[in-house]
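I am opening a notebook page on this structure. The entries below follow the order in which I looked things up.

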Amino acid sequence: RKDPMTRTHKPTRRAFALAAMAVASIVLSGCATLAPAPAPERLPDLTGVSEALLPYYQQELAWRDCEGGFDCVEVTAPLDWADPSAGEIELAVIRQRARDGQSLGSLLTNPGGPGSSGFDFVRDSLDFAVGADLRRGYDVIGFDPRGVGRSTAVTCFDAAGMDAYLFGIPDGERNSPAWIDEVVADSKKFATACDRNSDGILGYIDTVSAARDLDLLRGVLGDTKLNYLGFSYGTFLGATYAELFPERVGRLVLDGAIDPSTSSIDVGTTQAIGFESALRAFMTDCLTQKSCPFRGTVDQGMADLGALLAAAERSPLPTPDGREVGSDTMLTGIIAALYAQESWSFLREALASALAGEGAQMIFLADFYYNREGGRYLDNSTEAFTAYNCMDYPVETDQAVIDAAAARVLAGAPTIAPYWSSDAPDLCEFWPVPAVGTRGPIHAAGAAPILVVGTTNDPATPYEWSVALSEQLDSGVLITRVGEGHTGYNKGNRCVDDAVEAYFLTGAVPAAALRCE
């Protein structure tokens, strides 16, 4: 299994932005599945569907065997939900039928991103996505949202172009006019390529449209209510659904929540501080290990790590394939390994190798983050991630706000601050279509109880966001996992897992906020 990467708000010149499902550990393994006996398909649910949308909700699904024990199908959705005559897109869907043959209905999942493949998440990591009891009780559904993967997808650069964009090192000194000019030129080139190669879909790659797609999937699958497990960005997708369709909310779990009222610049600032906190936790543990390349106190170790980043800025490290590890790529690799405590051993090794002047292990971590393998990109997650964030988040242009955010990052994340904030404009300033999203609290008035799971030292979706979302939702109930890493369900905490699975299987809701040590 290759657990999917989450996205974060990327430092400086690239588009790291908003979190997805976590990398639990950097491990490869296989997942075998056994197909149960086929069950009768449910009729589409057409309740409340307008006449203009009936052709979409009434479509018959031609499931086929695929991927070794799964079912696959493509679902047609309107490109523009406000004008169904404007064109169509395809959504790729994969299903693992309930193992006990007595399905409680569909359980749709989203691993985050935005831009991560829910199809691959279920196909490659089914046991990581949902526990055994849920696999027995539900038809587990993975899908690629619009713009992503096997669905009608955003396309920007080829592999060589992505390498230059993600790993290229500007010639100018960081934040100098020449450096900024190079970054701006790269950003404009990327945005132009996305516009040219995406066949006119960029203006419709946004979370509200994706949430309407989610309701279409619910309807064509024959479920009167949506049962949904969303991780990281998937919590924003799920909360948006609940705001649009509160009467259709069944059992929703939002794990590793995003605060929908938070601006793009506040997201980046909070995540920087979160990753610094996770890095200090890593360093605290590292200093107890014989293989740790650092010595002294935690503060001394952090200072030495900061010196390593500065050295990579001055003299990038070589790698076997000719790419170089500068400070941006090194920070990407570090962040990749901070999503889960199980990955800390990889980070120790990569940092030790970097201190010895070798960049191969660090660029392996960065490649894992970008889902790059053998010189090619296995999906379009980086492109789709950028498209969603540029459409969902208005660009901050108030220089006073930008300066205040940079000061917060410097105070709260001093080790990574030099490579997180920059004087270059936001990539989304050059996006070919304007943002359509607005930021504000989501209440989902009238929805059934919604569980929100937060982890106390989650670096990518800091715990405060889960608290905020649980308080915004009229029916939100908070479950707290005390620990490290991104997201809380199916991470080995029995208290969290029992509460989530009891809710999905029986509808049981914790009587009050639940804290799981």
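Entry on charges over rings. I began with arginine 323, which lies over the face of phenylalanine 167, at 4.6 Å from the ring centre. The model is predicted, so I read each value as a property of the model. I then looked up arginine 95: its charged end sits over the ring of tryptophan 63, 3.9 Å from the ring centre.

Entry on aromatic pairs. I found 15 aromatic pairs in the structure. One of them joins tyrosine 233 and tyrosine 388, with 6.0 Å centre to centre and 55° between the planes, and it is tilted. This pair links distant parts of the chain, since tyrosine 233 is in helix H7 (residues 233–244) and tyrosine 388 in helix H13 (residues 381–392), 155 residues apart. Are these two tyrosines buried or exposed? Tyrosine 233 has 2% relative accessibility and so counts as buried. Tyrosine 388, at 1%, counts as buried too.

I next noted the tilted pair of phenylalanine 275 and tryptophan 420, at 6.3 Å centre to centre and 45° between the planes. Phenylalanine 275 belongs to helix H8 and tryptophan 420 to helix H15 (residues 417–420), 145 residues apart. Both phenylalanine 275 and tryptophan 420 are buried. I also recorded a cluster in which ring pairs link Phe121, Phe128 and Phe231.

Entry on helix H8. I checked its length: at 1.5 Å a residue, the 23 residues (264–286) should span 33 Å, and the end C-alpha atoms are 32 Å apart, which agrees. Of these 23 residues, 17 are buried, so H8 is largely enclosed by the rest of the structure.

Entry on salt bridges. A search of the whole structure gave me 29 salt bridges. In one, aspartate 266 meets arginine 408, with the closest N and O atoms 3.8 Å apart. Aspartate 266 is in helix H8 and arginine 408 in helix H14 (residues 399–412), so this bridge ties together parts 142 residues apart in sequence. Aspartate 266 is partly exposed, at 32% relative accessible area, and arginine 408 counts as partly exposed at 38%.

I also looked up arginine 42 and aspartate 139, whose side chains meet in a salt bridge of 3.7 Å, N to O. Arginine 42 lies in the segment before helix H1 (54–57) and aspartate 139 in strand E5 (residues 139–143), so the pair ties together parts 97 residues apart in sequence. Arginine 42 counts as partly exposed at 31% relative accessibility, whereas aspartate 139 is buried at 8%.

Note on methods. Residues are numbered from 1 along each chain as its sequence is written. This is a predicted model: local features need pLDDT of at least 70, side-chain atom pairs count only at pLDDT 80 or more; totals for chains, interfaces and linings use all residues. Side-chain values use heavy atoms; hydrogens and water are left out. Helices (H or I, at least four residues) and strands (E, at least two) are DSSP runs, numbered from the N terminus. The expected span of a helix is 1.5 Å times one less than its number of residues. Buried means under 20% relative accessible area, exposed over 50%, partly exposed in between (1.4 Å probe, protein chains only). Rings of Phe, Tyr and Trp (its six-membered ring) pair if their centres lie within 6.5 Å; planes under 30 degrees apart count as stacked, over 60 as edge-to-face and the rest as tilted. A charge sits over a ring if NZ of Lys or CZ of Arg is within 6 Å of the ring centre and within 35 degrees of the ring normal. A salt bridge is a side-chain nitrogen of Lys or Arg within 4 Å of a carboxyl oxygen of Asp or Glu.
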